Structure formats: C-alpha cells, structure tokens
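Subject: Structure handover

Hello,

Here is the structure you asked about. Please open it first, then read the notes below it.

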Amino acid sequence: MGIKLKFNNIQKHFFGVTALDGVSFEIEEKHTVGLIGENGAGKSTLMNILGGVLLPDGGNMSLDGDAYLPSNPRDAAQRGVAFIHQELNLFTNLSIAENIYINSFPSLKKTPLIDKKKMNDSLKSLLKSLDLNYSPSTTVENLAPGERQLVEIAKALHSDAFLIIFDEPTTSLTARETEKLFTILDQLRSEGRTIIYISHILGEVKRITDDVIVLRDGKVTGNSETGLIEIPEMINQMVGRESDNLFPERSAKPKDSPILEVKSLSQPGIVGNVDFSVHEGEVLGVFGLMGSGRTEMARMLFGVDTYRSGSISIDGTPLPRNSPQSSIERGMAFVTENRREEGLLMNVAITENIGLVSLPDYCRNLVKWVDAKRMNEEAGIIGDSLKLKASDIRRQPAMSLSGGNQQKVVIGKWLMTKPRLLIMDEPTRGIDVGAKYEVYSIMDRLAADNSGILFISSEVEELIGIADRIVVMSQGEVVKVFEKKDFDVTALMAAAFREAVA
Amino acid sequence: MSKVDQLNTGRVGNVKILGRKILLSEFFVLYLTVFYLLVLFPFIPRVFSPYNIKNVLSNTWPLLVIAIGQTFVLITAGIDLSQTSVMALSSIFGAVIMTSEADPALLSKSPLWGIMLSDKGGLFAGTSAALPVGLLVMMAIGIMIGLINGFSVAKLRMPPFIVTLVSQMFFAAVAIWLSKSENIRHLPESFSRLGRGNFGPIPIALIIAVIIAVSAHLLMSRTLYGRRLYATGINPRAARISGVPTTKIIIAAYALSGFCAAVGGILYSARLEQGRPTLGNTLLLDIIGANVIGGISLAGGKGKVLWTVFGVVFFIFLSNTLNLLNLKFFVIDIVKGLVILLAAILDVVRSQLALRYSGGKV
C-alpha cells in the first residue's frame, strides 16, 4: 500500500504562540488514523491546514505523491479531501439535497433554474447506502444530530473524497448513533478511503483506528499502530506524564447545611416536580441523557428561563424568577454548555471576558467608573491560577484560544465572583484530559471552601469520579438520587434509561 | 504570515507592512481626510481659507453631537432612524415655549394656538425662564422618544429598523401638524447665541460639542455602562447570563441617542433662529454615513467616539469640497453615496485583515 498523505516539518504560529512546531508524519492509504492530543496541542490547526482553511508558515505536504498546498477549502475538495467539522456546517433551512449540491446545483436544461428532480433522484441510493432513510428533499432542521452528520458524510462521498477528516464526530451523538457511525466508518474503509479521526474519547480511537498519532504542544509525541498501544500509554504521550489518576482526591467532606433547595420545580413539557438540594462543600452530580431536561432545569435555576411553579431558594431565601442578575447577586454562577454562544465575547480580550461578571465590584462612585487596572490584575491572577495558555491576556481575543483554554476563561469569569453555588453544564465537553483534570480540581477547591457545585454531565465516569451524590434525571423528572456508596455505572445508566426503577 | 508574505521580503515587504499599519490604524480615517484634502487642494485652494474653515467647523458641531448619539445605538447592533424627527419635534416645542410673538396669519390654525401659543408668543414669552425651560423641554422630548424606541426594541423585541422608521414618520408628522408647516421665529437672543455666539474666541457650539464628545468617550470607554454596552452589542446572550441588564442598557442607548439628537436640534435651531418643523429631514444620510465612514460597525459591538469624530470631519469636508467644486446637488449625493459604500467595503476589508493578524480563525 502507498502513502496517501505526508506532512513534512509543518510550522504555524499565532500571535507569537507556536501552534505547530515541525510536524512530520505519514498516513498510509486506506488506513483509519486516530489523531489525539490535548486541546491546544495543534490538532485543529493541522487539520485546518490540511483542509485549506489556514496556510502553514513553513514545511510542505504531499497528497498521493504530489505536492499539496490548498489555499482554500475548495482547493482541498478538488483534491479529494473532505473535512467534517465538529460543529456541522450545514444549512438547516435547506434540504438534504440542496446541502449536498450547494457548490454545484444541476441546472434544468441550460436554464438558470435548478433541476430539483435530478438532484433528488441522484442522491437516493447514496442516502440509502448510509442508512439515512429520508427523502433527499427533507429539510435538515428536521434531522437529529446523528442524522445531520450522515448528511455531512454523504456530502463528502458525493464530492468523491478519498481522504475524510472527522473532528470529534461523536460528541453530540447518542450511543446508538455512535454505533451506526462506526459501521459507516467500516464501510468507508472497505471502499478504500483514508480516514483521519480526531477524538478525545480514547476508547473509540482504540476501537476503530489502525494507527494513532499523538500531538503535544505542536509536536508529534507518538506514532504507532493502534494494536501496539494501550490507552494509558496514549494519555501518557498526550500529557507527558504518568496519569493513572484521572480525578483529583476530594479534599473535604460535604456539610449538612443546604445552599440550594429546589422544591417541586415544574414547567409543563420540560421539567416536572424536581426536588433536590445542594449542600455546603458538596459536588452534586446531575446525570441524564440528552433531552432529559437537565440543561433546561439549570437554566431555570439561574433565571435564564422561566418556570410555572415550584420554588428555588439560596441559603433559605427564595430566589426571584427570570433574573440572572439577582441570581448572581445571591452568589450563583453558571458555566453554560455552549461557551461560544452563551459564554464568551469572542473578539474581546481575555481579561475583559474574565472581568465581565464582576465589573460592578470594580466600579467607583456615582458614574460607576471602572478601575481597569485593578480588574486586569485580578483577572490576570485568575488566569494564572487556571494555567491559562495565552501570550497576552490583555490584548489577545478569546477566539484565538483553543477550546480548553476558552472554557477556562468562562470558568475564570465565574471564579472571579467567588461563587457560593456554581452550576456547570457539561464543563468538560470537548476538552482534553489535562484540562479536564484541572476543571475537576477547581470543583474540589471550591467545595473545600464551602461552596456548592451542581455538576451536570452526560459522562457517567466523571460524575462517579468527582461527585458526592448523583441525581439522575429522565424525561424532565428526578428518577433517583444515588449516594456515593451506591455509585455504579450500570445502575446509573439503568436509572437514566428508566429501567429497573421501582 | 502567509506564503505570500514570505515571498515579499525586502522593500516591497516594508511598503506592504506600512500599508497594513496605516489601514489598521485607529487614525486611518483621519489620514484619509488629510490625504483627500491634500489631493484636492491644487484644484480648490479655497478649501483652506479661514472663511471656509470656519464654515466647515460650524457645520461640524451639531452633526457631531447627533452622530455620537447614533454611535451608542449602533454599538448595540441597532439603528436609530428617528433622530431627525427628534430634532424637528424638539425644535417646534422649544420655539413654542420661547417665542416672543407669533403671527396669527400663519399659526392660528395650529392645534396649540390658544393653549400654548398666542399672538403674544409662547408660554414663557419674554420671561427669564424661557431659555432654561425651552432647553429642558427640548432635551426631554429627545429622551422621551428615545425611551419609547428603546422600550419597543429591548422589551417588546421589535426590530430597531421598523421601530425607529415608524417613530421617524410619526414624530416628524406631529411636528408639521403642530406648526402647520410654518417656521416659528422670534426666539430669544440668549437662545440664538448657543448656535452663533462665542465664548471669548471659542464658538459656544464647539464647547457644547466637545463636552458631549468627551463625556460620551468617557462613558463608553471607562464606565460600567460602557463595558456593558459593548458586551450587549457583541453577544447579548452571553452578556445576559453574565448579569448584564441588557434591556436597560439598550433602552439607555436609545435615550442617549434621542438626547443627543435634541441637543443637535438645539444647536441647529439656534443657528437658524427659528423652530423649524422640517429640521434635519435631509440629515439622516449624513448621520449614519459619518458613523459608517468612521468605522462604527452596523453589526454592533464595535466603535469609538473618536472614530465618529473622524467620520464626521471627513464627511463634512467631503460635502464642503463637493460644494466648492460647484457640483450639482444630485452629483453631490451620488458621490456621497459611493463614498459611504466604499467605507462599508473598507470596513469589511479592515476587520478581516485585523482578524488575520491577530491570530483569530478566519
């Protein structure tokens, strides 16, 4: 078998920070290659160069033996490279067929009109081969996340891509959708396509890839056949240290006095009769599948969304509805699940982002003059304590950071308020092992300082690893509360699926 | 850096880097103004005559005040089309309060005749309270219309364009109805001084405009309100979750816009020495155009008072030089329109450049 793709000494710098520092490796034809590394290790940058989104500062690439330097995604597509992004790039208001044909609509007998029939007919067999049982004229917004991903794959196949990059394809998929994706990956491989598979879920990488490439700090730190490397060794190569401890030791025990008390919280169709409490020094885990109402409940607690009935109180005093401001005044903090849309001001400096919530504390006199110097210093201290990787936090915009570092900015913004109750909705989604460990440590530190933490997650292992108790939600209701001594993956999953609960 | 940059080393590269620096500079529009004037100077030497400079500057102050008000709204990703009707309505109300005699032949059909207006003038005709009351009422009208706009946009979630387009039509029509389309003259001397008088060697209008510009600059760049204004413009959802009272911030922006329009209305009315129901009705292009030229983004979240100042200065010189060239009014408007279009295109180019050289993902 030949070499499909070759990277030779690729360099890339942003803002004085080195993103890629001489990356060289080869990918064999018809192989599925796992690309792993912590956030900020350079995976996305490398793939953006491969996909024509970014140009390298140095080094060269070859594809099928010929020099390859795409200056835009279209160049890459013409050479048979397709990039399936983590945040899918589909037009949800258009049909499946229109999305697939977006660059090359067939015209109706040389008129400027689009030949819809031809477009739809030509795709039927393709969709069928992917087990996507919809008419090509179905609008994409009616599809589930997993199905949308299949549309992206169909698009890649339709453009006859022989090198397909998957960036974190399973983050928004259910277990069943993930299985289906793996079947399709197998199918693609048997058709002779080369696949680059980026993921933080090492079990998946182990299961479906032929080779694993590990990146750390812009360098290749591991390159081996998947069969010859075990997961702990992968982690080792990613973080550069032995890490048999994925979770920090909890440093204090929860107290008896409750901070947050939720009583029969209801909003028809979303949550029903939710009761629970978070105590001082406690990390309360909330587990539930997608659509279980966990995110919606968190938004009600914080006052972003409203609810029909029930009560929410902090330290014994009820909280007014629908006012994030009063929630913040009472010491609540909320790390939302989507940092891009609801967490960050992307093109604003990091310190400004960290200072946003605490601004009123840094204001003097009647006109509310902001003491920028003091605020920047404080934000800098927070940034340091979170080991934020940035070259100039006063000038560098949040969008120039990697995913894990962006998440740290969001967390830092709330740590600066010294929260009494921190709600975190999927805080470790899409971030790497090292950053995850740091997020858990922050939770532990806060809990040791007598704050309460509501930790929402769909990864049951991390809840077991860090939480004191776990509330399981399903269909908008609390199914069961697990004490630490009863933690068990199977039992938690069963509760989330409402099996064997009685 | 890209592969293109690597090829262009040496002198060519230096020129490129200098060009990029100028293009990305905060003072870009100022450089552009100077360049433009230097190019035109050989053709119209009159442009630098003391008379012309004085004329240009006297046009600058009121427009600057109004344009700064607009900047606040643009930063929230809104737009305020009603500023011109604020000017007209406050001009009429101010005149009705301050005028010392009204001609029944012209104004007796006004709905205000006999209530606020008679042949002996307005409510406060001839009293020393006329000026302060007149000014207060004019500013209050601006703030009120602004509050109505802001409430509709932020609380009722209506699109800013429609809200302010409607209030522009509505209040402009009210101004014409109340005055029966007549100008109201005989305003007190103390009022006209605001538009034409000097304080020592310095025009009073200049002092007012500078006070407003400096306060607006400090408000935007140094205060809690300013920081929250930008946060609201950039990402209202993230801002709200971070405890920013976005509704209040937006309402305040429209109120400030109304207030500034009213102050601009005061300066114009004082210069014309009359309350005029059509005041400002050709000014909208200049207000928005000056902001766009200055680099204030219509998408919100981006802009500074200094940029607005440069935009206004450029726009006024543009109008002035086109006038001096004896061009027909339609030619002037064609050129103005093209320049605004160019400015909008340039803004896109500049922000993409800025993004590329700040390490952001494109």
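Chain B and chain A bury about 3000 Å² between them. Of that area, 61% is on carbon and sulfur atoms. On the chain B side, Leu224(B), Arg227(B) and Ile241(B) lose the most area to chain A. Together these three make up 23% of what that side buries. Please keep in mind that this is a predicted model.

How many residues does each chain bring to the contact? Chain A gives 43 residues and chain B gives 27 residues.

Two salt bridges are counted between chain B and chain A. In a salt bridge, the side chain of Arg237(B) meets that of Glu342(A), at 3.0 Å from N to O.

Which elements of chain B give two or more residues to the side that touches chain A? They are α1 (3-7), α10 (204-222), α11 (224-234) and α12 (236-241). The largest share comes from α11(B), with five residues. By type, the chain B side divides into 11 nonpolar, nine polar and seven charged residues.

Next, chain B as a whole. Chain B has 16 helices and two strands. Its C-alpha atoms fill a box of roughly 80 × 55 × 40 Å along the principal axes. The radius of gyration of chain B is 22 Å. A compact globule of 362 residues would have a value near 21 Å, so the two agree. Of the 362 residues of chain B, 51% count as buried. Take the contacts in chain B between residues at least 6 apart in sequence: 76% of them join residues at least 24 apart.

One residue in chain A is also worth a note. Gly452(A) lies in strand β20 of chain A, which covers residues 452-457. Is Gly452(A) buried or exposed? Its relative accessibility is 0%, so Gly452(A) counts as buried; the cut-off for buried is under 20%.

What does Gly452(A) touch, leaving out residues up to four places away in sequence? Its contacts are Ile259(A), Val278(A), His279(A), Gly281(A), Glu282(A), Arg420(A), Leu421(A) and Leu422(A). Ile259(A) is 193 residues from Gly452(A) in sequence. In space, the C-alpha atoms of Gly452(A) and Ile259(A) are 6.8 Å apart.

Best wishes

Note on methods: Residues are numbered from 1 along each chain as its sequence is written. Chains are lettered from A and ligands numbered from 1 in the order in which they are written. This is a predicted model: local features need pLDDT of at least 70, side-chain atom pairs count only at pLDDT 80 or more; totals for chains, interfaces and linings use all residues. Side-chain values use heavy atoms; hydrogens and water are left out. Contact means heavy atoms within 4.5 Å. Buried area is the accessible area (1.4 Å probe) that two parts lose on being put together, summed over both. A salt bridge is a side-chain nitrogen of Lys or Arg within 4 Å of a carboxyl oxygen of Asp or Glu. Helices (H or I, at least four residues) and strands (E, at least two) are DSSP runs, numbered from the N terminus. Ala, Val, Leu, Ile, Met, Phe, Trp, Tyr, Cys and Pro count as nonpolar, Asp, Glu, Lys and Arg as charged, and the others, Gly among them, as polar. Buried means under 20% relative accessible area, exposed over 50%, partly exposed in between (1.4 Å probe, protein chains only). The radius of gyration is taken over C-alpha atoms; the globule rule is 2.2 Å times the number of residues to the power 0.38.
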